[in-house]
Structures are given as structure tokens and as C-alpha cells.
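Here is a report on one protein chain. The sequence and model come first, and the notes follow.

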Amino acid sequence: MGRRKFNAGLPVRSPGRDDEGYPLRLRDLHTAPERVHLVGPWDHPGPHAAIVGARNATEDGLDVARDLARSLAARGIAVVSGLARGIDAAAHEGALDGGGPSGAVLGTAVDEIYPREHASLQLALARSLGLMSEIGPGQSATRGTFATRNRLLAAIADVVVVVQGRAGSGSLITADEAFGLRRPVGAMPWDPREPLGEAPHELIRAGKATLVRNAEEVVKLIGRGRGGARHASAAAPSRAVSTIEAEGLPPHEAALYRALRERPLSLDRLAAAAELSAPELTVALLALELNGLAQRAPGGLARRTRRAP
């Protein structure tokens, strides 16, 4: 069967490693591709979480991936994965359902639909955060390209979460790459009788991953990660939304922090008081949360937790 062409009606950009628009975080790789091919904006200013796992995931695994991605998206975190069947697709769907951005790092060219049943999902991702591949348009994938693309996924992420997988799972490649790049890795715990718990359990035993159970714990992991303070978009450098300089907070965080009180206030009220748009408020609140300066409360509320330096 031949390749099925993909056309989202969006241009393909192919920046070289030294060109403007090259994904900056890919340069952390020892084997950064000379050129990368992009569809979509790849312009999210906040953190990126990679959610990966088994293609033959259980129903529980799919539910966990969707719920985690949906919750992260609600906190302004972009969800990235590989568009594969199973956990990858569930993560993309959860993020989109949660109204957040999601993007895919492909093992095929960006102008190919794969797998075929994901055509509509691939289109939605192209119009959300975007598609990325080191395989040029019109070129064919090999078995090896699906493994090597995992290093790109690890590089662009601020955290990698392994949901399910057997020993030897491809998700372990992504986790190992992230560990080598000093990106934090999270792993979901499972009943010891669940075969697809082998990969996350092995990562935890080996000291390469932290056990995480929900979005709150993933957010904390981003904040502790050595690479979590640098959130670069694929198009241009973005200021580090979780960094607090010694002399004070960046402007949007400072405005939001001044508006916060120890008693919870609604996000609408905070946005008005800080004179921030909804997207600006989302990113600023996440930055303050990562630094322990703010905390969300049930009902769309947030409060101050301690004094800024």
C-alpha cells in the first residue's frame, strides 16, 4: 500500500540548525538534525509535557492518558506525543478536549498520514500546536525513524511521562533520552500484575523516573526539573516562564502576584486586576505555581501562598 498524502492547507517550514525558526531545544541534542520540517505554529510560550506509552494500551491506560493530558492542558501546558495508536493518541485527544494545544513529533514525513485512522487527529494537531519531523516531505520512513524521533520528543519536552509499556517499550527510548538531557521523567504506577506496568515500574526502580499519579505531581516535576526553566518555542526564544530573577518577578507574573491575595479569588477577577488576557493569565499563574508563589483552588479560584523574593 502506498503513502497517503496529508495536506492541512498549511505551509511546511524546513529550517536548518542555524536558521531562525529552528526549534531551539533540539540544539541540546548531540545528534540534533541538520534540518527539521514543521507544520503549524509551534509557538506555545509555556511548558511542554510529553505523554508516551504503549500502542496496545489497556482501557485504563487510555483513560489515564486522556485525563492527565486534559488536566495539564487546563493548566496551560502543551501536550506533545508521537501520534501513534494507544497512549499517544489518547494524550493528544485529551489535550485537545481540554482546550489546550497539542503537537506531534512524527516518525514519518509531515506530508504523510500515519496511521491512516488518525487522519482527522493529525489535521487537528496541525492546526493546534503543529507537526514536526526530521524526514523531508516526500521521503519514506523506516523502522529506525520511529525510534530516532523519540529523541526529538524528549528534547522539546519539559517533562516526559510514561503511562504504560512493556519492558523494551519504545517509550523507554524517549525516557532515556530525556534522562540524558536532564529533563525530568515521570512514570505512572500500576498493579504489579499488569504487564503494561513493566516500563514505568522499571524506570522508577532504576532511579530514572519519579512516580506521578496526577497533573499536580507532573507540574511539580516540571518545576523541579533542571530544564524546566527554559520554555522555548519552535519559532523563537521565549522568556522562561518559571524563572524568578533575584531582583523580582517578570512583568506578567509580577502583575498577577500583586493581584493575588491569601484568600482565593476568581480567575476573571485576577485577570481584570492584573490587566492580563486569559492566555497571559494562564501562563503567569502556572509560573507562580511552579515557584510555590500561588495555588489554584476548586471552582476556578487562585490564591497567594508566600512572599516573592
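## Arginine 17 and its contacts

Arginine 17 touches Tyr22, Arg27, Ala32, Pro33 and Glu34, leaving aside residues up to four places away in sequence. Contact here means heavy atoms within 4.5 Å. Arginine 17 sits in the loop between β1 (12–13) and β2. Helices (H or I, at least four residues) and strands (E, at least two) are DSSP runs, numbered from the N terminus.

Arginine 17 has 29% relative accessibility, so it counts as partly exposed. The classes rest on relative accessible area: buried is under 20%, exposed is over 50%, and partly exposed is in between (1.4 Å probe, protein chains only).

## Basis of the model

This is a predicted model: local features need pLDDT of at least 70, side-chain atom pairs count only at pLDDT 80 or more, and totals for chains, interfaces and linings use all residues. Residues are numbered from 1 along each chain as its sequence is written, and side-chain values use heavy atoms, with hydrogens and water left out.

## The chain overall

The chain has ten helices and twelve strands. Of its 309 residues, 53% count as buried. Take the contacts between residues at least 6 apart in sequence: 72% of them join residues at least 24 apart.

## Helices α1 and α2

Helix α1 (residues 59–74) packs against helix α2 (residues 87–97) at an angle of about 35 degrees, and the axes are 7 Å apart. Axes are lines fitted to C-alpha atoms, for helices over the stretch in contact; angles run from 0 to 180 degrees between N-to-C directions. The α1 and α2 crossing is right-handed. A crossing is right-handed if the near helix is turned clockwise from the far one by less than a right angle, and left-handed if anticlockwise.

On the α1 side, the contact uses Gly61, Leu62, Ala65, Arg66, Ala69, Arg70 and Ala73. On the α2 side, it uses Ile87, Ala90, Ala91, Glu93, Gly94, Ala95 and Asp97. These residues divide into eight nonpolar, two polar and four charged. Ala, Val, Leu, Ile, Met, Phe, Trp, Tyr, Cys and Pro count as nonpolar, Asp, Glu, Lys and Arg as charged, and the others, Gly among them, as polar.

## Rings

A pair of aromatic rings is described by the distance of the centres and the angle of the planes. The structure holds one such pair. The ring centres of tyrosine 114 and phenylalanine 146 are 5.6 Å apart and the planes are at 55 degrees, so the pair is tilted. Rings of Phe, Tyr and Trp (its six-membered ring) pair if their centres lie within 6.5 Å; planes under 30 degrees apart count as stacked, over 60 as edge-to-face and the rest as tilted. The pair links distant parts of the chain, 32 residues apart: tyrosine 114 is in the loop between β5 (102–105) and α3 (119–126), and phenylalanine 146 is in helix α4 (residues 143–156). Tyrosine 114 is partly exposed at 39% relative accessibility. Phenylalanine 146 is partly exposed too, at 22% relative accessible area.

Elsewhere, the charged end of arginine 304 sits over the ring of tyrosine 257, 4.2 Å from its centre. That needs NZ of Lys or CZ of Arg within 6 Å of the ring centre and within 35 degrees of the ring normal.

## Backbone exceptions

Most residues other than glycine have a negative phi, and most peptide bonds are trans. Tyrosine 114 and proline 115 are joined by a cis peptide bond, with omega about -10 degrees. Proline 115 lies in the loop between β5 and α3.

Leucine 83 is not a glycine, yet has a positive phi of about 65 degrees. Leucine 83 is in the loop between β4 (78–81) and α2. It is buried, at 1% relative accessible area. Glutamate 275, also not a glycine, has a positive phi of about 55 degrees. Glutamate 275 lies in the loop between α9 (267–274) and α10 (278–290). At 72% relative accessibility, glutamate 275 is exposed.

## Two buried residues

Proline 47 is in the loop between β2 (37–39) and β3 (48–52). Its relative accessible area is 1%, so proline 47 is buried. Proline 47 and valine 283 are 236 residues apart in sequence, but 8.9 Å apart in space, C-alpha to C-alpha.

Leucine 265 is in strand β10 (residues 265–266). Leucine 265 is buried, with 5% relative accessible area. Beyond residues up to four places away in sequence, leucine 265 touches Ala259, Leu270, Gly300, Leu301 and Ala302. The C-alpha atoms of leucine 265 and alanine 302 are separated by 5.5 Å, at 37 residues apart along the chain.
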